[in-house]
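Here is a short walk through one protein model.

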Amino acid sequence: MIEKIYIIVYPMAGFGKGRQVLNQVRQELQALRIPHLTYETEYAQHAVSITKQLVTQQFDPNKHRLAVIGGDGTLSEVINTLLSLSLKIPITYFAAGTGNDFYRARFNEASVPDMIDKMLYQRQAKHIPIGYYQNKSQHKVGYFINSYGFGFDAEVIHSMTHYNLKEKLNRFKLSHLSYFFAVFLALKDIKTFSLDVNHEGSQQHFENCGLVLMMNHPFVGGGIQIAPQFDPHQKDFSLYIFHHLNFKVILNLIWNILFSHKPINSNNLTHLRGNQFELWSPQIIRSEYDGELNTSSPIHCQFKKTSYPFFI
């Protein structure tokens, strides 16, 4: 018998949608007379300290359940914290962000009552694929639920943050287009770099790379599908390397990805699949994972597929 639900929520996710979803969850739990305790995050990385406090002081996985309400960033913080503590506490995830790419790719659409029902009565959690990374250049390890990007993808995230696009576009109810606008703002910042890839025992070299994406599923930027041929049920990584780029090639790729939604048939794209990769580049490149920017540095990263349990 489940005795209590612990809820970690970013109430301002989706510019207030987090609060709306929290109210729905509370209403359902109150109707079922299930005790629950809510922890609200107020700033970046706040979910980290909340999660540590919760699981080390009072959480009993045999009697309690953990729910997360927010966007991909909040969920990523909670998962990274739990795995850093060598814990795999099953999560019930209520997506409330502006992007929700992880939810879009890996979860079936379900109502709040249905999700609560599964959280309370489902005996076995389902393991959903996520990625593990080891950034040797920055002496950093962690996990990502969506993607890990180098080059242009990280410049797009930088533009979104630098110009505060989500907040500005939300004034016109267009925050879901922030990634789209950031793509064009970041065009002036494209830098190319060489890349070596170790994949299943073989090594390949690429020149003039502009965008490298290690994908856990097909979506970026709130539903933009990088490759329509990507199987959302595949359990290995897709590594997309866009190389030998010039301005004309970049415009054609943007048209394919953002507008035509057709499979990209280009000599400037290499697509590799696998469960483990190692990447190197001597150049100082901006990178990001799950929308969080890293410090610019040379590339030396290892990637490995793993999973995390969810009640879905």
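The second largest pocket lies between domain 1 (4–123) and domain 2 (131–310), because both give residues to its lining. The domain bounds come from an automatic or database domain assignment. This is a predicted model: local features need pLDDT of at least 70, side-chain atom pairs count only at pLDDT 80 or more, and totals for chains, interfaces and linings use all residues. Residues are numbered from 1 along each chain as its sequence is written, and side-chain values use heavy atoms, with hydrogens and water left out.

Some terms come next. The search runs on a 1 Å grid over the protein atoms alone. A cavity is a set of points where a 1.4 Å probe fits but cannot get out. A pocket is an open set with protein on both sides within 12 Å along at least five of seven lines. Lining residues have an atom within 4 Å of a point. Grid points are joined across faces, edges and corners, and a volume is the space filled by probe spheres set on the points.

Stay with the second largest pocket. Its volume is about 280 Å³. The lining has 19 residues, and Gln-45, Ser-76, Glu-77, Asn-80 and Tyr-289 lie nearest the centre. Helix 3 supplies the largest share, seven residues. Helix 2, helix 3, strand 5 (126–135) and strand 6 (140–144) each supply at least two. Helices (H or I, at least four residues) and strands (E, at least two) are DSSP runs, numbered from the N terminus. By class, the lining has seven nonpolar, seven polar and five charged residues. Here Ala, Val, Leu, Ile, Met, Phe, Trp, Tyr, Cys and Pro count as nonpolar, Asp, Glu, Lys and Arg as charged, and the others, Gly among them, as polar.

Now move to the largest pocket. Where does the largest pocket lie? It lies between domain 1 and domain 2, since both give residues to its lining. It holds about 1,200 Å³ of space. Its lining counts 45 residues, with Gly-73, Thr-98, Lys-166, Gly-291 and Glu-292 nearest the centre. Among the elements that give two or more residues to this lining are helix 2 (46–57), helix 3 (72–84) and helix 7 (165–170). The lining divides into 14 nonpolar, 21 polar and 10 charged residues.

The whole structure has two cavities of 30 Å³ or more. The largest cavity has a volume of about 240 Å³. Its 18 lining residues include Phe-152, Val-183, Leu-211, Ile-254 and Ile-257, which lie nearest its centre. Helix 9 gives the most, five residues. Of the lining, 16 residues are nonpolar, one is polar and one is charged.

The second largest cavity has a volume of about 30 Å³. Its lining includes Asn-135, Phe-150, His-300 and Cys-301. Strand 18 (residues 297–310) gives the largest share, five residues. The classes here are five nonpolar, five polar and no charged residues.

Finally, step back to the chain. It has nine helices and 18 strands. The C-alpha trace spans about 60 × 45 × 30 Å along its principal axes. Of the 312 residues, 52% count as buried, meaning under 20% relative accessible area (1.4 Å probe, protein chains only).

Definitions and conventions: Buried < 20%, exposed > 50% of the residue type's maximum accessible area, 1.4 Å probe, protein only.
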